[in-house]
Amino acid sequence: MHSIPGNSRCADCAAPDPEWACIDHGTTICIDCSGVHRSMGVNVSKVRSLLLDNWTEDIISQMVEKGNTKFNEVYECNVSEKIVPDSTREERSVFMRKKYILKAYYKDNPSGAQDT
């Protein structure tokens, strides 16, 4: 999975060598971001371990088709400031709520991030 463009780093904070994935987004994420993804619920993000979980051909195909770079070209198009590997859980939660639930940084949202 790490050979897919952008997947050698977390899709959210850019931490190196992520060991988790959002299978519905086709992205890899670090353990710290995976906790926030899980807290948002499976309706927002389905998290799986790259090392511990079983992977079906369908999930693998979706991961190969998408990847962090393609996904973030759409979901982080209007982002001005990203989180980093040492961001707090609160900072991660705020950023990811805007990114995944509010779609504040989404390509088709010309207003960019909004504090709601």
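A residue is called buried when its relative accessible area is under 20%, exposed when that area is over 50%, and partly exposed in between, with a 1.4 Å probe and protein chains only. The model examined here is predicted, so that local features need a pLDDT of at least 70 and side-chain atom pairs count only at pLDDT 80 or more, whereas totals for chains, interfaces and linings use all residues. Residues are numbered from 1 along each chain as its sequence is written, and side-chain values use heavy atoms, with hydrogens and water left out.

By this criterion I4 is buried, with a relative accessible area of 10%; I4 belongs to the segment before β1, where strands (E, at least two residues) and helices (H or I, at least four) are DSSP runs numbered from the N terminus. Leaving aside neighbours within four places in sequence, I4 is in contact (heavy atoms within 4.5 Å) with M63, V64, K66 and G67.

M96 touches D12, C33, V36, H37, M40, I83 and I101, when residues up to four places away in sequence are not counted.

Within α1, the residues C33, S34, V36, H37 and M40 are buried. Seen down the axis of α1, the buried residues fall within an arc of 160 degrees (taken from the directions from the helix axis to the C-beta atoms), so they line one face of the helix. Their cover includes β1, β2 (27-29), β3 (47-49) and α4, whereas I31 and S39, on the other side of α1, are exposed. Just after α1, G41 takes a positive phi of about 100 degrees.
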